[in-house]
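Colleague: Hi! Could you walk me through this one in plain words?

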Amino acid sequence: RVVAQAIHELIDTCDMVLVMGHEREDYDSIGAAVGVAHMARLAGKPVHVVVSNQTDAIRRLENQIMDNPDFKDLLISAETAENICNSQTLLFIVDTHRPDMTVAPALLEETDRRVVIDHHRRAATYIDRADLSFIEPYASSVCELMTEILEMCSDEPKLLRCEAEAILAGIVLDTKSFTLR
C-alpha cells in the first residue's frame, strides 16, 4: 500500500510518464509497462511505453495493444522518447534495474525523476538516484508486483481486456505457466 501511494503521488506531480523495460522485451516487461500506463491514464497523465525493435517475441501483444483506439500512441521508439522527455517527466523502469539493460539508457540522463520496479536480485550495477526503487526478488514476475500495486492504487482498477491480458501474459511467462514460484 505504501509503494502504491508513493507511486500515485509521483505520478500526480509530473507532466508526463514514460515507461521502459529491458532491451529485447518479453511479456513480463511489456505487461508491467502496460500496468504502469494504466495507472498514469487513471491519473489523467500522458503516457508512453518505450519499446525497441529488437524482438519479435511480443509482436502479437504489441499489435493487440495498437489495435485499441485508446492506445494508438502508447508505444513509441527510444528516439521519440528522447525527443519528448524533459525534467518534469517521470520515468518508470520495469523488469530491470541495470541501466545498461534498458531499452533507452540515454533516457536516464534526460530526467532525474525515476521509479524502478523489478523482481530480480540487485546486481553490481543499478539505476541510482531513483525517487522510488521497488525491488522484490521474492516475486515470480514484475507483473505480479504490478497486480499488487494496481490493487492498492484504486478501489476498482478496471483494466481493459488487453491490459489484463498483457499483465497475465507476463505472469504466465515468468512462472512457466504457474509451475514455478
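Modeller: Happy to; we can go through salt bridges, a helix, a charged patch and some loop residues.

Modeller: This is a predicted model, so local features need pLDDT of at least 70 and side-chain atom pairs count only at pLDDT 80 or more, while totals for chains, interfaces and linings use all residues. Residues are numbered from 1 along each chain as its sequence is written, and side-chain values use heavy atoms, with hydrogens and water left out.

Colleague: Thanks! How many salt bridges are there?

Modeller: The count comes to 5 salt bridges, where a salt bridge is a side-chain nitrogen of Lys or Arg within 4 Å of a carboxyl oxygen of Asp or Glu. Side chains of opposite charge can pair when their charged atoms come close.

Colleague: Which residue does R41 pair with?

Modeller: R41 forms a salt bridge with E163, and their closest N and O atoms are 2.7 Å apart. This pair links distant parts of the chain, since R41 is in helix α2 and E163 is in helix α7 (residues 161–174), 122 residues apart. Helices here are DSSP runs of H or I with at least four residues, strands are runs of E with at least two, and both are numbered from the N terminus.

Colleague: And is E163 buried or exposed?

Modeller: E163 is buried, because its relative accessible area is 1%. R41 is partly exposed, at 32%. Buried means under 20% relative accessible area, exposed means over 50%, and partly exposed is in between (1.4 Å probe, protein chains only).

Colleague: What about R98 and D100?

Modeller: Their side chains meet in a salt bridge, 3.2 Å from N to O. R98 counts as partly exposed at 29% relative accessibility, and D100 is partly exposed too, with 45%.

Colleague: Which residues are linked in a network of salt bridges?

Modeller: D112, D128 and R129 are linked that way. D128 counts as partly exposed because its relative accessibility is 40%.

Colleague: Where does R129 lie?

Modeller: R129 lies in the loop between β5 (114–118) and β6 (132–135). Its phi is near 55°, a positive value in a residue other than glycine. R24 also has a phi near 55°, and is not a glycine either. R24 lies in the loop between β1 (16–20) and α2 (27–42), and it counts as exposed because its relative accessibility is 53%.

Colleague: New topic: which residues are buried in helix α3?

Modeller: In α3 (residues 59–67), L61, E62 and I65 are buried. They are on the same side of α3 because they cover an arc of only 100° around the axis, the arc being that of the directions from the helix axis to the C-beta atoms. The face turned away from that buried side carries the exposed residues R60 and D67.

Colleague: Last one: what forms the negative surface patch?

Modeller: E79, E82, E109 and E110 form it. Patch residues have over 30% relative accessible area and no salt bridge, with like charges joined within 9 Å and nonpolar side chains (Val, Leu, Ile, Met, Phe, Trp, Tyr) within 5 Å. Helices α4 (78–84) and α5 (107–110) each supply at least two residues of the patch. E82 is found in α4, and it counts as partly exposed because its relative accessibility is 32%.

Colleague: Great, thanks!

Key: Areas by Shrake-Rupley, 256 points an atom, 1.4 Å probe, with all protein chains shown as cover. Lys, Arg positive; Asp, Glu negative; His and termini not counted. Charge placed at Lys NZ, Arg CZ, Asp CG, Glu CD.
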